[in-house]
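Dear colleague,

Please find below the structure that I am handing over to you. My notes on what was found in it follow directly after.

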Amino acid sequence: MTDAPQFSTDLKATKNRLKQEQRSLAIKRFLANKLAVCGLGLTVVICLIALLGPLISPHEPLDINPIDRLKPPSLEHWMGTDNFGRDIYVRVMYGTRASLLIGFSVAMLSSVIGVAIGLYSAYFKPLDHLLMRITDGLMAFPAILLAISVIAVFGPTTQNVILTLVVVYTPLIARVVRSNALVVKEQPYIEALHALGASRTRIIWRHIFPNTVSSLIVQASFVFAVSIITEAMLSFLGVGIPAPHPSLGNILYDGKNVITSAWWMTVFPGAMIIGIVLGQNILGDGLRDFLDPHTHKAVSKR
Amino acid sequence: MSASHVIDVRNLRTHFHTEKGRVTAVDDVSFHVDRNEILGVVGESGCGKSVTSEAIMQLLNPDITDFEGEIVFGGENLLTLGEDRLSRIRGKDISMIFQDTTSSLNPLYTVGDQIIEALQAHGRVSRKAAAEAALKVVSATGIPSPEKRLKEYPHELSGGMRQRIMIAMALVCEPRLLIADEPTTALDVTTQAQILDLIIQMKSDFDMGVIFITHDMGVVAEICDRVAVMYLGQVIEDSTVESLFEAPLHPYTKGLMQAMPTIESDPQADLYTIKGKVPSLSDVPKGCRFAARCPFSTEKCVAQPPTLDVATKGHKVRCWHWQAIADGSACKVNAGAEVG
């Protein structure tokens, strides 16, 4: 009889060990996915730079110093100065912060709204027609044009930029979630849930939604990247983040007139945009391969 | 009729609106199930047996489906109830188990969670109480070490175990009627026997009625009390299981019985088959639906649809000539068709 508790502790230990093994296997699988690791690494590095970078420079993003106008990169100004003598390094850091904030907020908000629209339109046929025609309309309309007109009406503030981009990119999420939900909805276990008398809300949110999460994450990471580009474009056109505040698009706009004489005003913010977007896109591709083993990898193994 | 019927289906007709026009998948089906009784519904693919069960559960898409007749359950006609009332009946008073155990459980949750959820879908039960009820019902299905199984995901269990979990899920609210839609078709014969025993035992434990849908005559003989044989959307024979297997009256049922090889059959001989094929539902014959394939068919069969008549006590049949066929006085007018 004394063997019984001994046996059960053994069983528990084995179970724990198996669980740990499973976890380390998942981590290994993620690490083996080079795309995801590179993308994640790039994104994390840029986030850290944006967060900590301004702390190690004595300059402020709005400090004007007319004597030091358009100075090339030096020990004093690591990325040079702009046409008002402002330090480009600090401005790029703050601009990156603003871009990341906008990208993150847009990705989050449009995911929440897009998921709700996608799930309900997949589940209720009449609603589907209405919502999908609206999304079709939004997608047919050029995103930039829509953003410009909305901001022209409501004024260029960071908040309005975020809200506009949410309107523009929610359809992308809603479409993907809907198409996934339509497949899951026809699964026998959803019919079985109906037969169990589960309510619609329960079926939609507890059973259909978790099955769409993996593609949602992938799509959201692309929306993150695209909205950063669009924000830079809007700022460049003068309808994004209002002028004295640093944003990657604003710096590019200021550098446009002096591009032949002051290359540093274009190269550094441009490189930052490329870095963020590249990191996000690679991460998105990697996550898709990681989360959905059925899709074929873009590159075959040799 | 009497109040003891758990469910009473009367003259049920189910029409689908398809691109080819209106198709009547279930045509004038009537049957009833009593407490502590298993009714077998037998027929080949497309004869309307699954549609009948989905009509009872009201799981069919209402946009493309029309119903006629009545399905009386607990004094209410299920066909006229609203969605709210229906979802309270589904799972609580009428439960259903399905053929495909792999895809009938959500792969993302443990089976324990799914049974608990079945309970919580009907009224506020604390998670702890629900977990206890789940453990009790799963133990009752005879799964070894139930505590452990409840924490596992569907893919970790075998097909037979998953079917037991499905049964536990269906029974956790103690329904009065269980609809089993080919629950053993995907299982091997040993597991099938265990699941059938389980259904019989649960039937008497919970004192519930069971509608058992299958195409396997052997299973019917083993577990059912009464049988309804369906052909092309109609019940063509309705009888106690003893009476049916002793003396099938409808030529189609006779054909089915003959098609089953027995232990005495000559292994060299070809198996018996019913000639011809089932007509399409969009092109239903005017008279008897089996006439074109029936060895005994006459002009009357082709011209006039037969009615479901009481042949002997508790044995109904839809055939003009059942008496003559039983006597042996009917001649095989259509014998040529049978040979070739």
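**Strand pairing and packing in chain B**

The bridge partner that Glu237(B) has in S12(B) is Val317(B). Please bear in mind that this is a predicted model. The two strands concerned, S10 (residues 234–240) and S12 (residues 315–317) of chain B, are paired in the antiparallel sense, with 3 bridges between them.

Both strands belong to an open sheet of 8 strands in chain B, which has mixed pairing and the order S6-S7-S8-S3-S9-S10-S12-S11. At its edges are S6 and strand S11 (309–312) of chain B, each of which pairs on one side only. On average, neighbouring strands of this sheet are turned by 20° against each other, with direction ignored.

Two helices of chain B may be described together with the sheet. Helix H1 (residues 49–57) of chain B lies across strand S3 (37–42), S6, strand S7 (177–181), strand S8 (209–214) and strand S9 (226–231), and runs at about 145° to S7(B). Helix H6 (residues 159–171) of chain B packs on the sheet and touches S6 and S7 of chain B, with a direction at about 170° to that of S6(B).

As regards the contact between the chains, 16 residues come from chain A and 21 residues from chain B. On the side of chain B that touches chain A, helix H2 (83–89) and strand S6 (94–97) of chain B each supply at least two residues. The residues of that side comprise 9 nonpolar, 7 polar and 5 charged.

With kind regards

Methods
Residues numbered from 1 in each chain as written. Chains lettered and ligands numbered in written order. Predicted model: local features only at pLDDT ≥ 70, side-chain atom pairs only at ≥ 80, totals over all residues. Contact = placed C-beta atoms within 7 Å. Helix = DSSP H or I, 4+ residues; strand = E, 2+ residues; numbered from the N terminus. Nonpolar A, V, L, I, M, F, W, Y, C, P; charged D, E, K, R; others polar. Pairing = 2+ DSSP bridges. Axes fitted to C-alpha atoms, helices over the stretch in contact; angles between N-to-C directions.
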